[in-house]
Amino acid sequence: MEDDYDERLESQERRYDLLGIRFDWRFRKIATDVLSGAYQLELESQLDALGPTLSEDVADAAKELDHDGQVASLQDTRKQESSREAHSNIVEDLKRSNFPPTPGQALLLKSDLETRNSELLSIDHDILRLQLKINESLAAMHTLLRVRLEKQKEATYRQSWLSSARLLPADVLIRILKFAKSNLVGSRTSVLQLSHVCSSWRHAALTCRSLWNDIALNLWSPTDEQATFSSLLSFWFGRANHQSLPLSLDVLIETEIDAEVGEDFFRGVNPFVSRLGNIEITIRRSLWRNNLNTLTNLGPFLGCSGGSLSQLSHLCLIDDTDPEGEAERDLPFITVFDQSPFLHTVVLHLTPPMFRNNDHLHFPWSQLTCLTIGGHISVRGFANIFFQCRRLCTVVFYYLDLEARNDDVWMTSIPQAPVTFPDLKEFRLRLSKSSRHPLIIRDILSKIRLPMVQVITFIGGTYHFRDHADVDIPLSDILSLSLDKHLSLRRLALMNVVIDLQDLLSLLNAVPMLEDLSLCTPLSPQPLLEALTRNENLVAEHQIPSLSNLVSFLFTFHALKVHENPDVDLVANAFGSLVASWITDPTRRGSLSEASLCMGDDSRFLGRIIDPIDIQPVCDRVEELIHHQIGKDSDVRVVVRVFDQFQSFVDFVHMGDPTSVRQI
């Protein structure tokens with residue numbers, strides 16, 4: 001037995017010597033792990049370095065050649081060494097002369113050439129024999145590696161059977177699945193994929209019906225359509241809870257669907273409409289297919305009579321295929337969401353013609369508490385919708401298009417008397433540049449009363465900072481400031497809108513509880529900042545707003561070539577003096593935590609592109625000037641930014657349209 005063991009040990013050592021791996025049998029643990037982990041990677045790299053093994057045809061031919069004795073041995077080569085020495089003198093003579101060899105010398109040279117060719121052939125066959133041995137070793141090694149992988153899988157399975165995870169109770173496993181699952185069909189963590197792990201996971205997934213209450217579908221190619229709606233929805237929601245929890249449906253469509261698929265969608269959703277509590281349908285603009293009629297083809301579902309969605313509370317409907325409303329197409333009639341008694345949150349992004357009259361959109365506007373309108377909407381569409389929503393708490397219009405066509409009858413949608421929205425807490429409105437009807441939006445906003453509003457945002461502008469909306473916002477009318485101070489307002493953002501300096505000071509004095517202020521007006525930046533600074537030499541002390549509760553302040557001004565403009569330093573010093581006056585004010589009730597100074601570079605407006613290399617030194621210099629005014633040890637966080645695109649600035653102030661699905 002010991003002799004057999006020693007022979008196996010020597011054979012194993014020879015095999016590793018062949019592969020160039022040092023192996024010491026004194027370490028017994030390495031002997032068990034040599035083909036796993038890092039050693040296995042090292043072996044595979046050694047095998048790759050040796051290259052592929054011989055093909056079967058080549059190996060068989062080499063064996064047959066060696067078996068038939070057609071290979072000359074090295075011993076035959078050594079017998080001819082004596083004759084080679086006899087010819088060496090003749091070779092030396094031929095090297096030193098330029099005469100042709102004699103017939104006798106030619107005969108000897110031919111004999112010597114045959115001998116050397118025979119030696120080359122012998123060496124080639126010796127190499128072939130060695131390659132055959134390497135081929136056999138590599139083949140054996142590959143076989144062992146494959147066997148080991150199979151054995152490792154079997155060992156892993158058996159090890160998992162001993163795992164404590166198999167002892168988890170069903171309720172604990174269900175809770176884990178709830179945290180781990182994704183509602184996107186096809187995702188590795190979807191409940192369908194998790195149920196394929198093992199029988200216990202499948203039993204837990206099927207036992208907990210609430211895991212199947214929400215589903216997300218992503219259609220990006222025509223081949224996905226028929227296999228998605230009717231069959232998949234019935235399969236998925238058929239396993240959902242039949243009692244308390246509502247269902248959630250999220251569909252992202254990135255391709256064109258025809259009327260037949262729209263019918264299939266209706267057949268899939270119809271059995272579960274009374275249980276749907278959340279619906280999100282997003283149609284993304286495709287660069288490869290014309291999917292303008294996708295929303296129209298969903299007409300069998302969208303055009304159903306109202307009242308069927310008895311549990312619907314949240315709706316998000318986005319159609320980004322025609323954001324400008326310039327394409328000619330049939331517009332669908334959306335009536336299925338009307339008379340939904342629990343619907344309170346609506347997010348819409350549709351083509352502008354859909355909002356111009358109430359014929360195409362039938363919603364329970366009067367009961368909505370949260371409304372978000374993305375994309376372009378005309379003034380007429382804004383008035384048609386907004387004045388019907390008397391119970392709103394939050395409203396956002398991301399792009400009110402003041403240049404929209406067909407608004408000649410906008411006055412018919414505006415009420416004669418002011419309308420009070422007693423529950424409205426957040427009012428955000430972004431305007432486009434006005435060139436046709438500068439008084440439209442003022443007339444509309446003058447009819448709005450917001451006694452309890454806490455957040456107001458007005459942003460005017462399109463592509464460039466100078467391309468602002470010349471709109472005089474009637475804030476005094478909106479806030480009813482003529483009656484008393486507006487104690488509820490906490491956040492105010494006025495960006496690129498017209499307002500007089502005295503009106504602005506009066507407004508800020510009327511909102512003593514203001515915590516967040518963002519300003520960007522056509523007023524000259526330096527005089528405006530100095531007017532807000534508590535300095536008796538500039539303005540009477542009683543006219544300067546104290547803003548004692550202010551926590552965050554953002555100020556933006558426009559400039560050309562900010563890296564060369566001398567006014568930038570003047571504005572920075574004025575901004576720093578203002579912040580310093582707030583910090584040292586003994587009447588403050590709270591501490592200022594953040595002060596942001598943003599510069600809108602209008603070089604792009606004139607066809608120039610600013611170099612990012614020039615921007616950072618400007619930001620560093622401005623920040624240093626501000627810190628010189630407020631002190632290096634101040635707790636106020638100072639932010640200095642330069643924007644050359646208006647959209648980047650809008651995103652910075654959190655008024656970027658989240659419903660706009662941009663193509664990448």
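**Exercise 1.** Find the bridge partner of Ile 377 in β8, then place its strand.

*Solution.* In β8, Ile 377 has Leu 400 as its bridge partner. The model is predicted: local features need pLDDT of at least 70, side-chain atom pairs count only at pLDDT 80 or more, and totals for chains, interfaces and linings use all residues. Numbering starts from 1 along each chain as its sequence is written, and side-chain values use heavy atoms, without hydrogens and water. Next, take the strands, which are DSSP E runs of at least two residues; helices are H or I runs of at least four, and both are numbered from the N terminus. Strand β7 (residues 377-378) pairs with β8 in the parallel sense over two bridges. Pairing requires at least two DSSP bridges between the strands. Finally, β7, helix α15 (residues 379-386) and β8 form a right-handed β-α-β unit. Right-handed means that, with the strands pointing away from the viewer, the path from the first strand over the helix to the second runs clockwise.

**Exercise 2.** Which strands pair with β8 over four and five bridges?

*Solution.* Strand β6 (residues 370-373) pairs in the parallel sense over four bridges. There, Leu 371 stands opposite Val 395. Strand β10 (residues 426-431) pairs in the parallel sense over five bridges. Here Phe 397 stands opposite Leu 429.

**Exercise 3.** Why is β8 largely enclosed by the rest of the structure?

*Solution.* Count its buried residues (under 20% relative accessible area; exposed is over 50%, partly exposed in between; 1.4 Å probe, protein chains only). Seven of the eight residues in β8 (residues 394-401) are buried, so the strand is largely enclosed.
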